[in-house]
Amino acid sequence: MMEDLKHKWEQIDEDDYVAKYRDMMLRVEKMDEQQWWWAVYRGKEELCPEKPFARKKDYAMKMAEECAEENIEPYVSDDFQIGPDGAYEHTDDMEDWDNTLMDGLEDEEFNDENK
């Protein structure tokens, strides 16, 4: 299941719930006493339209979450790198840079150590 999605469900009417996940909108709505309708949309496209009904709200939410999880589009990064601690995405964000890491080293010494 998708992490932390459940707390993102928002009640927009008495028996109508929505959740946003990435580029998708999930919706669950009570149709009658024992039937909940669910849907997942990406823009105007409805995903997983084959069996959009459940007897309980929680199960309808679970089905919508599973549909969304199955339809996550892969993310491709040009900055993917592998380092000593595993794979990571390189960013130009230098806010967390520790300036003391090179204290006491001249440029020549630093470059000699990394040959």
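Select Cys48 to begin: this residue is buried, with a relative accessible area of 14%, where buried means under 20% relative accessible area, exposed over 50% and partly exposed in between (1.4 Å probe, protein chains only). Cys48 is found in the loop between β5 (45-47) and β6 (53-54), and its phi is near 55 degrees, a positive value in a residue other than glycine. Most residues other than glycine have a negative phi.

Before moving on, note that this is a predicted model, in which local features need pLDDT of at least 70 and side-chain atom pairs count only at pLDDT 80 or more, while totals for chains, interfaces and linings use all residues. Residues are numbered from 1 along each chain as its sequence is written, and side-chain values use heavy atoms, with hydrogens and water left out.

Next, colour the protein by pLDDT, the predictor's confidence in each residue, from 0 to 100. The mean pLDDT of the protein is 80, and 65% of its residues reach 70 or more.

Now select β2 (16-21) and β3 (24-32) with the loop between them, where Arg22 has its place. The two strands run antiparallel and are joined by six bridges, strands being counted as paired if DSSP finds at least two bridges between them. Ala19 has Leu26 in β3 as its bridge partner. In this hairpin, which has two residues between the strands, Arg22 takes a positive phi near 50 degrees, and Arg22 is exposed, with a relative accessible area of 58%.

Continue from β3 to β4, which run antiparallel and are joined by seven bridges, with a hairpin of two residues connecting them. Here Val28 has Trp38 in β4 as its bridge partner.

Finally, show the side chains of Asp16 and Arg27, which meet in a salt bridge (2.7 Å, N to O), a term for a side-chain nitrogen of Lys or Arg within 4 Å of a carboxyl oxygen of Asp or Glu. Asp16 is buried at 6% relative accessibility, whereas Arg27 is partly exposed, with a relative accessible area of 26%. Then select Asp23 and Arg42, whose side chains meet in a salt bridge (2.8 Å, N to O). Asp23 lies in the loop between β2 and β3 and Arg42 in strand β4, so the pair ties together parts that are 19 residues apart in sequence.

Methods:
Helix = DSSP H or I, 4+ residues; strand = E, 2+ residues; numbered from the N terminus.
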